[in-house]
Amino acid sequence: MVAFSLLGRKANKSLKKNYDPQKIKRKKFIKNYFKQRLPEFEMKIGGTTTIDFTKKGFTKVFGIKRIKEMFKCKFSDMISFGDDLQEEGNDSTVRSVIDCIKVKDPEDAYNKLKEYL
């Protein structure tokens, strides 16, 4: 997976938060620019300013299935923390396979993981 950040990874947090909160700009980029030029890739909106690119078929679910095989565990033994679980979100496909906990950001994920454990 490649995460393309429209403002750069080190951009100011306030600028990133206010750049595209409704995801309109990134949807336009995907629809009008990337889909035509990169048809072999799947694109999902991620984070506050990013677009995630994966080769078709290599989704987060693919990764979860590989982890399940590697560790010889069950889906019921796994859990995911994600900030974008709604329809078409970059974490949405995971919901169909394992339990998910909604988080706001990495710090929230860390705190919820501590609570969960």
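The legends below describe close-up views of a predicted model.

**View A. Lining of the largest pocket.**
The largest pocket holds about 880 Å³ of space. Its lining is made up of 23 residues, and those nearest the centre of the pocket are Gly-47, Thr-48, Asp-83, Lys-104 and Asp-105. Helix H1 (13-19) and helix H4 (106-116) are the elements that give two or more residues to this lining. By class, the lining of the largest pocket has 12 charged, 6 polar and 5 nonpolar residues.

**View B. Surroundings of Asp-83.**
Asp-83 is one of the residues nearest the centre of the largest pocket. Asp-83 sits in the loop between strand E4 (79-82) and strand E5 (99-102). The relative accessible area of Asp-83 is 30%, so this residue counts as partly exposed. Gly-46 lies 37 residues from Asp-83 in sequence, and the C-alpha atoms of the two are 8.6 Å apart in space.

Strand E2 (41-46) and strand E3 (residues 50-55) pair in the antiparallel sense, with 6 bridges between them. Phe-41 has Lys-55 in E3 as its bridge partner. The two strands, E2 and E3, form a hairpin with 3 residues between them. In the turn, Gly-47 has a positive phi of about 55 degrees. Gly-47 is also among the residues nearest the centre of the largest pocket. In a regular strand, side chains alternate between the two faces of the sheet.

**View D. Lining of the second largest pocket.**
About 270 Å³ of space lies in the second largest pocket. This pocket is lined by 14 residues, with Lys-27, Ile-30, Ile-45, Glu-88 and Gly-89 closest to its centre. Helix H2 (24-37) and strand E2 (41-46) each supply at least two residues of the lining. H2 gives the largest share of the lining, 4 residues. The lining of the second largest pocket divides into 8 charged, 3 polar and 3 nonpolar residues.

**View E. Aromatic cluster.**
There are 5 aromatic pairs in the model. A pair of aromatic rings is described by the distance of the centres and the angle of the planes. Phe-4, Phe-29, Tyr-33, Phe-34 and Phe-53 are linked into a cluster by ring pairs.

**View F. Ring pairs of Phe-34.**
How are the rings of Phe-4 and Phe-34 arranged? Their centres are 5.9 Å apart and their planes stand at 75 degrees, over the cut-off of 60 degrees, so the pair is edge-to-face. This pair links distant parts of the chain, with Phe-4 in strand E1 (residues 2-5) and Phe-34 in helix H2, 30 residues apart. Phe-34 has 11% relative accessibility and therefore counts as buried. Phe-4, at 37% relative accessibility, counts as partly exposed. Phe-34 also pairs with Tyr-33: the ring centres are 5.1 Å apart and the planes at 85 degrees, so this pair is edge-to-face. Tyr-33 has a relative accessible area of 39% and is partly exposed.

**View G. Lysine charges over aromatic rings.**
Over the ring of Tyr-19 sits the charged end of Lys-25, at 4.3 Å from the ring centre. The charged end of Lys-68 sits over the ring of Phe-75, and the distance to the ring centre is 5.0 Å.

Note on methods. Residues numbered from 1 in each chain as written. Predicted model: local features only at pLDDT ≥ 70, side-chain atom pairs only at ≥ 80, totals over all residues. Heavy atoms only, no water. 1 Å grid on protein atoms, 1.4 Å probe; cavity = no way out; pocket = protein on both sides within 12 Å on 5 of 7 lines; lining within 4 Å. Points joined across faces, edges and corners; volume = space filled by probe spheres on them. Nonpolar A, V, L, I, M, F, W, Y, C, P; charged D, E, K, R; others polar. Phe/Tyr/Trp six-rings, centres within 6.5 Å; stacked < 30°, edge-to-face > 60°. Buried < 20%, exposed > 50% of the residue type's maximum accessible area, 1.4 Å probe, protein only. Lys NZ or Arg CZ within 6 Å of the ring centre and 35° of its normal. Pairing = 2+ DSSP bridges.
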